[in-house]
Amino acid sequence: MALSLLKLAAVSHQERFRQGAIAAMTYERQVFSPERQNWPDLRDLEQMSGALVPSSERKATPYMTTWCHGAPGIGLGRLASLPYFEDEVMRDEIAIALQTTLAQGFGWNHSLCHGDLGNLETVLTAARVLGNAEYQAHTERLAAMLLESIETQGCLTGIPLGVETPGLLTGIAGIGYELLRLAVPERVPCVLTLEEPPV
């Protein structure tokens, strides 16, 4: 949301959208866990699943390491925000998000939303935006690992039990899209940041 508000502020020249983006980032900073080096998943998962669990019996706040919840999504959002806004904390947040993504973000499924290819987009974007050779090396190593996994196991979607689905965020369309992006990132825009196609 912060990235979208920053883009809107840039085209509309309205300060209120920029202030909204800053407020969103401030909120994210308030919930960051230094111990976990991650941002929590604040959804009420018991309520979403229909289970009625007393608050005294609820588990601790969950942490995911995915584009949809956690460090990879925060990192990708911050990287894409750099052309519009940067303060003294953003580069540190990007470094933390990348470290957590590389340490915990792989070995799940191949989807964009909450899988390895969505997390790999954060590393790819860091290599491109920051011009960082180390992140480029991680991108190439992880891409090779994922291609081997897809070749041996087939595409593992983000749907429970890996059920094949054609969807973009959790299905094979998104897997195919991100593979195209890995092949030619200068021609295929990042769909997870709503990047504009190249002219």
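I take buried to mean under 20% relative accessible area, exposed to mean over 50%, and partly exposed to cover what lies in between, with a 1.4 Å probe and protein chains only. By that scale C190 is buried, with a relative accessible area of 2%.

**Ground rules.** I am working with a predicted model, where local features need pLDDT of at least 70, side-chain atom pairs count only at pLDDT 80 or more, and totals for chains, interfaces and linings use all residues. Residues are numbered from 1 along each chain as its sequence is written, and side-chain values use heavy atoms, with hydrogens and water left out.

**The fold.** I found 8 helices and 0 strands in the chain, and the pattern along the sequence reads α-α-α-α-α-α-α-α. The radius of gyration is 17 Å, close to the 16 Å that the globule rule gives for 199 residues, so the chain is as compact as a globular protein of that length. For that entry the radius is taken over C-alpha atoms, and the rule is 2.2 Å times the number of residues to the power 0.38. Along the principal axes, the C-alpha atoms fill a box of roughly 55 × 50 × 30 Å.

I then turned to contacts, meaning heavy atoms within 4.5 Å. Of the contacts with a separation of 6 or more, 56% join residues 24 or more positions apart.

**Cysteines.** How many disulfides does the structure hold? I counted 0, using a cut-off of 2.5 Å between a pair of cysteine sulfur atoms. The sulfur of C190 is 13 Å from the closest cysteine sulfur, in C113, which is too far for a bond. For C155 the closest cysteine sulfur is also in C113, at 16 Å, again too far for a bond. C155 is partly exposed, with a relative accessible area of 37%.

**Helix α6.** I looked up two residues here. N119 lies in α6 and is buried at 0% relative accessibility. Beyond residues up to four places away in sequence, N119 touches T65, T66, W67, P72, T101, G105 and F106. V129 lies in α6 too, within residues 116-130, and counts as partly exposed at 42% relative accessibility. Setting aside neighbours within four places, V129 is in contact with L79 and L82.

Where is T165 found? I placed T165 in the loop between α7 (133-153) and α8 (172-183). Its contacts, leaving aside neighbours within four places in sequence, are T157, I159, T170, G171 and I172. T165 and A126 are 39 residues apart in sequence and 29 Å apart in space, C-alpha to C-alpha.

**Positive phi.** I flagged two residues on this point. Q37 is not a glycine, yet has a positive phi of about 55 degrees; Q37 lies in the loop between α2 (15-31) and α3 (45-48) and is partly exposed at 28% relative accessibility. L194 also has a positive phi of about 55 degrees without being a glycine. L194 sits in the segment after α8 and counts as exposed at 60% relative accessibility.

Definitions and conventions
Helix = DSSP H or I, 4+ residues; strand = E, 2+ residues; numbered from the N terminus.
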